[in-house]
Amino acid sequence: MSHGHDEHTPAEPETPQGEGNPGGLLTKLRAKAKSPAEMGEEFKKTQVWTSIFRHKLDDSHRNRSLAVLSNVFLHLHPARINRDAVRYNFTWGMGGITFYLFVLLTLTGTLLMYYFHPSKAEAYRDIMFLQHDVPFGNLLRNMHRWCAHAMVITTWLHMMRVFMTGSYKPPREFNWNIGVLLLLFTMLLSFTGYLLPDDQLGFWAVTVGTNMARATPLLGHEGPFGPELGMSAFNDVRFALLGGSVVDANALLRAYIWHCISIPIIASVLMIVHFWRIRKDGAISGPAPVMLESEIKDD
Amino acid sequence: MDWNQVWTLVSLPDNVPIVLLLLMVPFYTVLAFREAAKNDRLIAELERDPDLRKSHHRVPYPWKPGWPKTVHVWPHLLKREFLAAIIVTAVMIVWSICLDAPLEEPANPSLTMNPSKAPWYFLGLQELLVYFDPWIAGVVLPSIILLGLMAIPYIDVNPLGNGYYTWKQRKFAIGTFLFGFLVLWVLLVIIGTFIRGPGWLWFNLGETWDHHRVDHQVNYDLHELFGVTGTWPVFFFGLAFLGAFSAVVGGLTHLWIVKCMPAMRKRMSLIQYANMLHLWILMMIVVAKIIARLAFTVKNFWVTPWFNI
Ligand code: HEM
């Protein structure tokens, strides 16, 4: 056995590990080497790091503000807020939870779309497939369903808290109105999703729901003055919603497009306006200092 | 008491959200009123003591001179938001593992589901179908609800209670809103979910849902009780009754407001006041129709060849 290695460094075993040979290569390298913490600091000076994070990280007021303001996802927040506004008892976190549920719904909904065909032949089968064959498919479907229900509830509760804190009063009148539209579209989002499994539950719920459209005044064929205006089951507003006179293939496709594209876009735009407005109206309304009857200045 | 029926209803996966609603709505109502009580106590104290008015920071939370009035969003708000996100995620995952979303038989237009119900959040409107023609329950009332909600900031001119919970400073506004939300919306949803069975008939909680039950109850229209006949007499009778009802409700409400809330009336323009009274009268007509139908089996107040109210 002849290893060149053995011949050139016979003394190595005697040298205690870790200390190295004074003046040797290893020692020189060790002297230059940096601790992980130092390496981290060094990395923060590189072009790669500074191109991503535009502010320092040490704990200063300036950096705490910049952490929020220089991040696209966080910058909807102001840098500072009313010290009591973070109390759970004021907002109940309801608006934020509603938004977070919308995010979860978008994620799970997109994943569901990979497995779903909006056609009479395939829709129901696809749901069965999701439940029994797709890995985690059942969990995915359940999450989407229950998040949708939860979002309707949290939207109602959010509206109630906004009312109870009088937060629709000036200057927030307009944002309350955006909120009312969000309330409507949240329920429509949920409603259009109900039909998609193409089962008895969805079919009859949507039948009951859209039957009301028959009775729309002027525009429905069973509504007051509808027949007088020439409405029939084949040209009225219900026909437009369903793409037919009964809930069938076209209704499924329409519900799908409303549910997956149109309403999410409308709701997202409204949410962008809603959040922007909260900032522009001077952040959330309170908890504001209480005002007394005797201090009202009526002009 | 058919506990099996109760359990079937309550444990139906799609009804679980309503059970949740049943718990959360009262919880948050109480929470809001507790916060309001804290503020109302503070308000009373400040009204009594002019000196305190100048020095107090006017929030019922601890504060010392020198403390900043604002805090950094990072970390004080963001840590709470991240925590909330984690909790919501955990709750939703556990919920989704424990309960499966329902999937019935494939859609079958020739096999009617009985009862066939809209999704639970629309059951309040479906319940209104009992009391109103479909065009009112399904189209007019939802539109008025939305328009009424949108009008709130423009007709509530009370400058008090902007950004804090209070009851004493906003009794009328809060009372009206909560009546509409808790009774006319949430309660009707709950009735639609748990009480309305096959044929949309009324089954008390715990009563077995009998699919063969036939309702022999006869409903009358108001004019029948008064023996009015003939298309036009009936038309004008109903019109007069609804007109009189609105006038009485509107008049009483007006008197009440002028007597007990004169400041509110003074601050409102005529248009604001008229809109507010209109919405109030409409709400009372809904209440009157529900009571008339459930307690006195009276269906319509106003019958015309084109529509009934
Ligand atoms: C998809 C539905 C909605 C989302 C995601 C949403 C989100 C939010 C968020 C995150 C806030 C910040 C404060 C908080 O969390 O309470 C907020 C505030 C507000 N929301 Fe909404 N909201 C929705 C629906 C509504 C509805 C239905 C209304 C009223 C009818 C409404 C009216 C308002 C108003 C007036 C504010 C300002 C509150 C204040 O300044 O205290 N929003 N919303």
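**Exercise 1. Describe how α10(A) packs against helix α7 of chain B.**

Solution. This is a predicted model, where local features need pLDDT of at least 70, side-chain atom pairs count only at pLDDT 80 or more, and totals for chains, interfaces and linings use all residues. Residues are numbered from 1 along each chain as its sequence is written, chains are lettered from A and ligands numbered from 1 in the order written, and side-chain values use heavy atoms, without hydrogens and water.

Step 1. Two packed helices are described by the angle between their axes and the distance between the axes.

Step 2. Locate the partner. Helix α7 of chain B covers residues 134-155. Helices here are DSSP runs (H or I, at least four residues), strands are runs of E (at least two), and both are numbered from the N terminus.

Step 3. Take the geometry. The axes of α10(A) and α7(B) come within 8 Å and cross at roughly 165°. Axes are lines fitted to C-alpha atoms, for helices over the stretch in contact, and angles run from 0 to 180 degrees between N-to-C directions.

Step 4. Classify the angle. Because of that crossing, α10(A) is roughly antiparallel to α7(B). The classes are: under 35 degrees roughly parallel, over 145 roughly antiparallel, 65 to 115 roughly perpendicular, the rest oblique.

Step 5. α10(A) passes α7(B) in a right-handed crossing. Right-handed means that the near helix is turned clockwise from the far one by less than a right angle; anticlockwise is left-handed.

Step 6. List the contact (heavy atoms within 4.5 Å). From α10(A), the residues include W176(A), V180(A) and L184(A). From α7(B), they include L146(B), M150(B) and Y154(B).

Step 7. Sort by class. The contact has 12 nonpolar, one polar and one charged residues. Ala, Val, Leu, Ile, Met, Phe, Trp, Tyr, Cys and Pro count as nonpolar, Asp, Glu, Lys and Arg as charged, and the others, Gly among them, as polar.

**Exercise 2. Describe the crossing of α9(A) and α10(A).**

Solution. Step 1. The axes come within 10 Å and cross at roughly 160°. That makes α9(A) roughly antiparallel to α10(A).

Step 1. α9(A) passes α10(A) in a left-handed crossing.

Step 2. On α9(A), the contact includes R145(A), M151(A) and W156(A). On α10(A), W176(A), L183(A) and Y194(A) are among the residues. By class, there are 11 nonpolar, three polar and one charged.

**Exercise 3. Which residues surround the ligand?**

Solution. Step 1. The shell holds 25 residues (a heavy atom within 4 Å). The closest are H158(A), R161(A), G179(A), H274(A) and S285(A).

Step 1. Find the helices. α7, α9, α10 and α13 of chain A each supply at least two residues of the shell.

Step 2. Find the polar contacts (N or O pairs within 3.5 Å; within protein, one atom must be able to donate a hydrogen and the other to accept it, and sequence-adjacent residues count only if both atoms are side-chain atoms). A polar side-chain atom of H158(A) lies 2.8 Å from a ligand nitrogen. One of H274(A) also lies 2.8 Å from a ligand nitrogen. A polar backbone atom of G95(A) is 3.3 Å from a ligand oxygen.

Step 3. Sort the shell. It has 12 nonpolar, 11 polar and two charged residues.
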